[in-house]
Amino acid sequence: MTSETLWYANRATGAVCLVLFTVVVLLGIAVRLRTRLPGLPRFGTMSLHRTLSLSATAFLALHITTAVVDGYVSISPLDALVPFVSDYQPLWLGLGTVAFDLMLAVLVTSLLRDRLGHRTWRAVHWLAYASWPVALVHGIGIGTDAGTDWMTWLTVACVATVVTAFALRTAQAVRASRQTPAALLHTEGAH
């Protein structure tokens with residue numbers, strides 16, 4: 001494989017990761033809000049969230065692999081695992097590494113969820129919310145296409161949808177915290 005092919009593959013997988021992880025975050029919020037997607041039973045949203053999470057992780061592995069294998073810039077496997085040690089763009093690459101390490105923790109604990117217990121899994125799973133904006137900043141800072149119109153619009157669309165979904169999730173949490181215990185019992189009994 002030529003260096004040019006690897007460079008294009010790295011760019012493409014970075015953009016695909018942005019889209020897939022954005023959808024994963026949106027589906028995670030939908031699961032938490034108990035949203036039922038059209039045409040899917042409620043458990044279908046969770047299943048889609050898990051499946052797309054694994055697909056996004058596979059694209060992330062391909063993104064990292066192409067960056068390491070491509071000889072155009074020097075990125076070692078250590079640079080992909082340990083943040084801010086790379087000689088090449090240490091800040092921007094380091095942010096990508098931080099996002100990857102957070103996602104790795106989420107993936108491992110999700111695979112071990114039954115052994116860890118729900119509370120531990122959920123506490124670590126919150127790292128996914130931190131990983132997404134860190135990865136986004138990584139892409140903006142180091143991405144070759146970051147200044148192009150198509151990537152700018154893709155980034156804006158991803159940010160707008162996540163911010164909107166997060167605002168809805170926050171509003172729902174605020175409403176739930178304001179409910180009286182009697183209203184909560186009434187609401188839960190209706191489901």
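Predicted model: local features only at pLDDT ≥ 70, side-chain atom pairs only at ≥ 80, totals over all residues.
Reader: Which residues make the nonpolar surface patch?

Author: Leu78, Leu81, Val82, Val85, Leu104, Val108, Leu111, Leu112 and Leu116 make this patch of about 740 Å². The elements giving two or more residues to it are α3 (77–81) and α4 (90–111). The largest share, three residues, comes from α4.

Reader: Why is leucine 116 called partly exposed?

Author: Good one to check! Leucine 116, found in helix α5 (residues 113–116), has a relative accessibility of 34%. Buried means under 20% and exposed means over 50%, so a value in between counts as partly exposed.

Reader: Why is the pair of tryptophan 126 and tyrosine 129 called tilted?

Author: Their ring centres are 5.1 Å apart, and rings pair if the centres lie within 6.5 Å. The angle between the planes is 45 degrees. Stacked needs under 30 degrees and edge-to-face over 60, so this pair is tilted. Trp126 and Tyr129 also form one aromatic cluster with Phe166.

Reader: Are tryptophan 126 and tyrosine 129 buried, exposed or partly exposed?

Author: Tryptophan 126 is partly exposed at 43%, and tyrosine 129 is partly exposed at 28%. Both values fall between the 20% and 50% cut-offs.

Reader: How do you know that arginine 113 lies over the face of tryptophan 121?

Author: Arginine 113 is at 3.7 Å from the ring centre. The distance limit is 6 Å, and the charge must also be within 35 degrees of the ring normal. Arginine 11 likewise lies over the face of tryptophan 7, at 4.2 Å from the ring centre.

Definitions and conventions. Residues numbered from 1 in each chain as written. Heavy atoms only, no water. Patch = residues over 30% accessible without salt bridge, like charges linked within 9 Å, V, L, I, M, F, W, Y side chains within 5 Å. Areas by Shrake-Rupley, 256 points an atom, 1.4 Å probe, with all protein chains shown as cover. Salt bridge = Lys/Arg side-chain N within 4 Å of Asp/Glu carboxyl O. Helix = DSSP H or I, 4+ residues; strand = E, 2+ residues; numbered from the N terminus. Buried < 20%, exposed > 50% of the residue type's maximum accessible area, 1.4 Å probe, protein only. Phe/Tyr/Trp six-rings, centres within 6.5 Å; stacked < 30°, edge-to-face > 60°.
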